[in-house]
Structure formats: C-alpha cells, structure tokens
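Dear colleague,

Please find the structure below, followed by some notes on what was found in it.

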Amino acid sequence: MDYSVLMSVYHKENPVFLKTAIESILNQTFLTNDFVIVHDGSLTKDLYEILQSYKKKYPKIINLVGYKTNKGLGYALNFGLKYCKNEIVMRMDSDDYSKPQRAEIQVNKFVLDNVDISSTCIELFKNHPDEIIGKRNVPILKKDIIKCSKTRSPFNHPSAIFKKSKVLAAGGYKNLLFKEDYYLWIRMIQNGSTFNNIKDYLVAMRTDNGTFLKRKKMEVYQSALWLNKYMFDTHYINKPRFYWNKIIYFLRQKLPSKIVKSITKLYWK
C-alpha cells in the first residue's frame with residue numbers, strides 16, 4: 001500500500017535538524033513514493049539548498065511545493081495535502097526523527113485495522129535521537145482515546161497517519177495556534193472517523209525548554225479556551241468538563257514555568 005509523507009518547513013528551521021528529519025524518512029525500510037514538503041513562506045538560502053539537493057537526488061519521490069508568505073502550520077499542511085497523491089498520509093515534522101521501521105509498522109497496522117486516524121507513542125530528545133529524555137504516550141483503547149480527547153489531543157501529531165479523504169471531509173486543518181491538529185481530530189471524530197493508536201515508539205520528537213514555554217503563550221491559552229468552547233457548543237463535552245478544562249488551562253497559564261514543565265513531564269508519561 002503506497003503512502004505519502006507530509007512535511008512543512010519555515011524560515012526559522014535549523015538546517016541540520018531538517019536534514020536529520022528528511023534522512024529519517026528516506027531511510028525507511030518501507031519507502032514512500034511521495035514525499036511532499038511545503039515551504040511555508042520564503043526560506044533561508046541554506047534551507048533552500050538542502051531541499052533542492054534532495055529533490056535532485058530523489059526526483060521521483062520528493063515534491064517541493066509552497067508560497068512566499070509564511071501562513072502557519074495549519075495552512076501549510078492543508079496546502080500540502082492537496083498535492084499528496086496517496087490516500088494514506090503520514091505526518092512528519094521538520095525537526096523530528098522517524099525510526100527506520102516506522103512506516104513499515106505503522107502503515108501495515110493502519111491498513112490492517114482499516115481506521116481513518118492513528119498515531120504512536122513518541123520519545124523526546126534534545127540533541128540526538130538516541131539520547132532520550134522523556135516519552136509522550138497516547139491512549140490505546142478506543143474508550144480511552146475518546147476520554148482523553150475531551151481534555152487534550154488523543155493523538156501525537158508528529159507520529160500521525162490518516163486518510164486524506166477523511167481529513168478533507170472534516171474540513172481539513174484550520175489555523176488555531178498550536179491546536180491545529182487537536183481541532184482537526186475532534187472534527188474528524190464528530191464526523192464519524194474511526195481511529196486507534198499503537199504503543200510502539202516510532203518517532204523521536206526534538207524538544208527543549210522552549211517547547212514547554214510555548215504552552216504559556218497567551219495565544220496558546222486563547223486557542224485552548226476557544227477549542228474548549230467549541231467542544232462544549234457542539235455537545236462533545238458536558239458542562240462539568242468544560243469548566244474543569246478551563247481551570248486546567250488557567251493554572252497552566254499562571255503557574256511558574258518550572259512547575260508547568262514538571263507537571264507536563266508527569267502528564268505525558
């Protein structure tokens with residue numbers, strides 16, 4: 001079963017990180033025939049050169065698309081999705097690392113289970129994918145995925161795989177800062193999509209102090225509140241859950257960064 005890989009790159013990306021991410025996809029034991037890379041706005045010379053070098057080396061696999069003005073992850077992924085030629089699409093971030101057997105394990109499981117959305121547990125690293133500093137697990141059983149989805153994203157976006165038609169049927173990605181994927185998953189579930197997760201650690205996600213601090217940005221807080229209200233207004237969550245989520249989001253916004261970081265590490269175990 002053929003699959004596409006969807007990645008977005010913007011001008012602040014580290015060239016070394018980008019090379020690591022791309023190489024990890026091209027070194028899969030089950031290689032894609034369609035690697036769509038979106039340049040979300042103009043890039044630096046170094047980033048352009050890296051992308052062009054891979055395009056030259058893998059002309060039948062890599063498809064470079066994009067536009068001149070940075071528009072954000074949601075727009076970029078929606079844009080790139082149009083160019084994905086396969087129904088099965090595997091997400092990849094431009095600074096992460098996919099283990100060599102990721103596609104082989106994940107795509108085969110995805111096809112066997114015949115679901116519309118799935119993801120895996122992931123490992124966290126700072127400098128090298130082999131130097132693991134933490135893990136981000138996901139619920140495995142359907143009932144646990146539904147329960148989790150009422151408070152936080154039930155799928156790890158960096159390791160997500162989905163059916164293109166089902167994403168488009170739910171309206172695609174929307175611009176909701178740091179919540180683009182969570183918003184999409186909720187709408188897909190509401191639209192009748194099927195789903196699961198697998199317990200394998202198939203992706204290593206790059207992280208640093210900035211990853212935790214992003215959660216305290218006012219824009220992220222506002223996005224969380226907006227999505228919480230959307231879930232309540234569409235009857236996805238009840239009133240007690242609506243107010244409980246507001247309390248959690250408020251505390252995460254107001255507590256000192258060190259405490260937020262510690263709580264987040266425990267939360268994602």
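In these notes, buried means under 20% relative accessible area, exposed means over 50%, and partly exposed lies in between (1.4 Å probe, protein chains only). This is a predicted model, in which local features need pLDDT of at least 70 and side-chain atom pairs count only at pLDDT 80 or more, whereas totals for chains, interfaces and linings use all residues. Residues are numbered from 1 along each chain as its sequence is written, and side-chain values use heavy atoms, with hydrogens and water left out.

The structure holds 6 salt bridges, a salt bridge being a side-chain nitrogen of Lys or Arg within 4 Å of a carboxyl oxygen of Asp or Glu. One of them joins Lys143 to Asp144, with 3.4 Å between the closest N and O atoms; Lys143 is exposed at 59% relative accessibility, while Asp144 is partly exposed at 29%.

Another pairs the side chains of Lys229 and Asp233 at 2.7 Å, N to O, and here both residues belong to helix H9 (residues 218–233), 4 residues apart, or about one turn of the helix. Helices (H or I, at least four residues) and strands (E, at least two) are DSSP runs, numbered from the N terminus. Lys229 is partly exposed at 46%, and Asp233 is likewise partly exposed, at 41%.

A further salt bridge links Glu123 and Lys99 at 2.9 Å, N to O. Glu123 sits in strand S6 (residues 117–125) and Lys99 in the loop between strand S5 (97–98) and helix H4 (102–113), so the pair ties together parts 24 residues apart in sequence. Glu123 is buried at 12%, whereas Lys99 is partly exposed at 25%.

Best regards
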